Amino acid sequence: MLRRNSEENVPQKVKNLVWRAVSNSLPTMSLLASRGMSVDPRCPRCGEAMETILHMVLQCSESKLIWLLSPARISDGVALEGGSFSEWCLDMSKKCKMARSWEIVMMFVCQIWNLRNLWTYERRKMDPMLARHRTLQLLGEYEVALERKQPVSPPVELTPTSWQPPSAATFKLNTDAAVRDNKTGLGMVVRDGVGDVLMSAGLCTDVCCSVLQVEAEAVRFGLKYSLDAGMRSLEVESDCLPVVQLLRMKKRERSPAQMIVDDILSMASNFDYCEFIFANRSCNKVSHAIANSSLSFSEVRVWMEEHPADVLPLVTADKNFLYQ
Ligand SMILES: [Zn+2]
């Protein structure tokens, strides 16, 4: 129970979200504030408490209403003042005698996060009954789709030419650099197992040096912002083979790039899991596009749960693995 790729019949996206909530890596306001971002740590919906995971999912009056309407009829969210969200999950998953009830709880956790984002970022509210209806409808549709799915063996591909999702329990960070007119643009994007964007960022610097150096800078930039956003488990992908070789410590050299690599490796030690992977350029189109458009930025830009609008077609195309 509560393993990232457990056997529950809910969309992978829902599993990922619950996993992020359990591992305290959902960007709630209190988490963002604790990472040094200048945001109000209080709940954007009720304003009455710090927005922790526990508050967001269970204690907020807005969430309590959803739970009361859910088939789970949970009304004891408040009883857990001292506990953590992961304790609640463990307790809840035990209480749910049937796998199905636990799946419904997971679906509602995900829906509450969506409603919270809808209000926080778009100032829109959804009728609680409608939210309940949509959540159960989604679960139903997913189950139907599962039954229809033909069991096919995945094609064996040694060097993928399109973006591939991270393996179990991790997210994938892609980074890239672009150089033009003595400026360097850095781009990063973090995605989950279904190719949804968790965050993206771009930066323009006046530093202009070797390809190796700027590509290493891009990895450092991406890893730093992922760390700041609370991620602790990452596959890091770059299309610069020499940088990946340095990062995998296959070789060492006396160069400015090595210093950046050493810095990246020390940052990587803060992660529970961090692996460096080489990928074809064709797998790295989103971060490449962000690096390119960053050339016109005057300051660093970070998108949480989002990406710049112009890379949407690339993000969508990278989800092709879902349909293969
Ligand atoms: Zn609240």
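Reader: Which residue just after α6 takes a positive phi?

Author: R123 does, at about 55°. This is a predicted model: local features need pLDDT of at least 70, side-chain atom pairs count only at pLDDT 80 or more, and totals for chains, interfaces and linings use all residues. Residues are numbered from 1 along each chain as its sequence is written.

Reader: What makes the length of helix α6 agree with its 24 residues?

Author: The expected span is 1.5 Å times one less than the number of residues. For α6 (residues 99-122) that gives 34 Å, and the end C-alpha atoms are 34 Å apart, so the two agree. Helices here are DSSP runs of H or I, at least four residues; strands are runs of E, at least two.

Reader: Why are α1 and α6 called roughly perpendicular?

Author: Angles of 65 to 115 degrees count as roughly perpendicular. Helix α1 (residues 12-22) packs on α6 at about 75°, with axes 9 Å apart. The pair is therefore roughly perpendicular. Axes are lines fitted to C-alpha atoms over the stretch in contact, and angles run from 0 to 180 degrees between N-to-C directions.

Reader: Which residues make that contact?

Author: V14, L17, V18 and A21 of α1 meet M106, M107, V109, C110 and W113 of α6. Contact requires C-beta atoms, placed from the backbone, within 7 Å.

Reader: How do you know that β2 and β3 pair?

Author: Pairing takes at least two DSSP bridges between two strands. Strands β2 (residues 183-191) and β3 (residues 197-205) have 8, in the antiparallel sense. G187 stands opposite G202 in β3.

Terms used: Parallel < 35°, antiparallel > 145°, perpendicular 65-115°, else oblique. Contact = placed C-beta atoms within 7 Å.
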